Amino acid sequence: MNFDLTMEQNMIVDTVREFVENELYPLEEEVERTGFVAPEVGQSIREKVIELGFYAPNMPEEYGGGGLNDFDFTLLERELGRASMALGVFWGRPSNILLACNDEQKEKYLLPTIRGEKYDALAMTEPDAGSDVRGMKCMARKDGDDWIINGTKHFISHADIADFIILFAATGEEQTAHGTKKRITAFLVDVGTPGLEVRKGYDSVSHRGYHNCTLNFDDCRVPSSQILGEEGKGFDTANTWLNGTRLTVAATCVGRARRAFDHALEFSATRKQFGQPIGKFQGVSFKLADMITEIDAADMLTLSAAWKLTQEQDSDRAIAQAKLYASEMLARVTDEAIQIHGGMGLMNELPLERLWRDARVERIWDGTSEIQRHIISRGLLRPLGA
Ligand SMILES: Cc1cc2nc3c(=O)[nH]c(=O)nc-3n(C[C@H](O)[C@H](O)[C@H](O)COP(=O)(O)OP(=O)(O)OC[C@H]3O[C@@H](n4cnc5c(N)ncnc54)[C@H](O)[C@@H]3O)c2cc1C
């Protein structure tokens, strides 16, 4: 592993950083104040990113995407993660699972999503099925060549701006070596399909302006042609294409932690108390030392997992370790950055209180810290037959 960046990789980092600082940072205050991104602002971000040639960077070039491999995409996410997620979402990164589309679905969903004409949202979680996704109750029942969907999904990110939902629903049961299990199938469901209601979700402490929604399916009828992948193979499709999603969380956490750290470092050097910069006090300087050590460690874990993924090596444990450590590191670093700023750290003149609030969700979504620890320990114990 050599993490010296090539000229092209440095160009990706510099371009995204510049865009984030010049185009997104100035919009953050209003998003936080209003909890909302005006559609024309979202559209303008989308257009600028398309013009930059960086829209859908994770999608293959043959479909009009940026064609970045997992490592380079991780570098991009690390920079983009510095900015408010409510704004960053308009830098379209379609879900990789759309690469499972058949030819007809590619025309209707994949390609418009890559062109920035459509948005996707992904719905697995339910009120009674979070970490235990296989326990889902949302059911699709076959009726002729159609499927009739009933159930509720909640916490579904940015479904309020989505044109279609990648929905996971149970389509029956099957016997497995581990007992009876639900057959899970992925469907593409257009927003506006009769029987699908997209409702405002909960107000969250993290990521104001980046909304979660509740989806109600009430006898929502979709044809079999809307199945993504194969019937009953929804988790196989997800496992094939969604591996890297947790890695983007880790990358985001690293980028955001560096932003908080930069503020803390600058303040430590310029804020004077007792006649000297506060950074001269060991109580402050040791905090800085610990913060940067943790950030660099999280960065290394993230890049090494990204490298493994790019090399198509088994990367489940590495990704879980990166997600676990980076999300917990972000909580500690943003907390210490506030501590170093004293009272000003809590005021919304600085982005620190927001970064601290936003950090909280990173330990929960895309698999909680406990679930990451489960994946890590399973990876250690399974080869020993335990
Ligand atoms: C803001 C937000 C946006 C989200 N966006 C999406 C989205 O777009 N699409 C989507 O499908 N989902 C989304 N989610 C759902 C997210 O992935 C779940 O919240 C997460 O997987 C945890 O599920 P849960 O909240 O139901 O908690 P639960 O699964 O009920 O867990 C509760 C607690 O029990 C612990 N726990 C559960 N099982 C175990 C175990 N086996 N071992 C040890 N501890 C365990 C958990 O770690 C946690 O501490 C979002 C969530 C949030 C908060």
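Biologist: Thanks! Which domains give residues to the shell around the ligand?
Modeller: This is a predicted model, just to be clear. Domain 2 (120-231) and domain 3 (242-384) both contribute to that shell, so the ligand lies between them.
Biologist: Nice. Which residues come nearest to the ligand?
Modeller: T125, S131, F155, T368 and E370 come nearest, out of 16 residues around the ligand.
Biologist: And how far is the side chain of S131 from an oxygen atom of the ligand?
Modeller: An N or O atom in the S131 side chain is 2.6 Å from a ligand oxygen. E370 has a polar side-chain atom 2.7 Å from an oxygen atom of the ligand. M124 uses its backbone instead: an N or O atom there lies 2.8 Å from a ligand oxygen.
Biologist: Good to know. How much of the ligand's accessible area does the protein cover?
Modeller: On its own the ligand has 980 Å² of accessible area, and the protein covers 62% of that.
Biologist: Which elements give two or more residues to the shell?
Modeller: Those are strand 1 (120-123), strand 3 (146-157) and helix 11 (369-381). Strand 3 has the largest share, with three residues.
Biologist: Changing topic: how many aromatic pairs are in the whole structure?
Modeller: A search of the whole structure turns up 10 of them.
Biologist: Which residues do ring pairs link into a cluster?
Modeller: F19, F54 and W91 are joined that way.
Biologist: One more, on charges over rings. Which residue lies over the face of Y25?
Modeller: R259 does, at 3.6 Å from the ring centre. There is also K118, which sits over the face of Y109 at 5.2 Å from the ring centre.
Biologist: Great, thanks for the tour!

Methods. Residues numbered from 1 in each chain as written. Predicted model: local features only at pLDDT ≥ 70, side-chain atom pairs only at ≥ 80, totals over all residues. Heavy atoms only, no water. Phe/Tyr/Trp six-rings, centres within 6.5 Å; stacked < 30°, edge-to-face > 60°. Lys NZ or Arg CZ within 6 Å of the ring centre and 35° of its normal. Near = heavy atom within 4 Å. Polar contact = N/O pair within 3.5 Å; in protein donor to acceptor, adjacent residues only side chain to side chain. Areas by Shrake-Rupley, 256 points an atom, 1.4 Å probe, with all protein chains shown as cover. Helix = DSSP H or I, 4+ residues; strand = E, 2+ residues; numbered from the N terminus. Domains from an automatic or database assignment.
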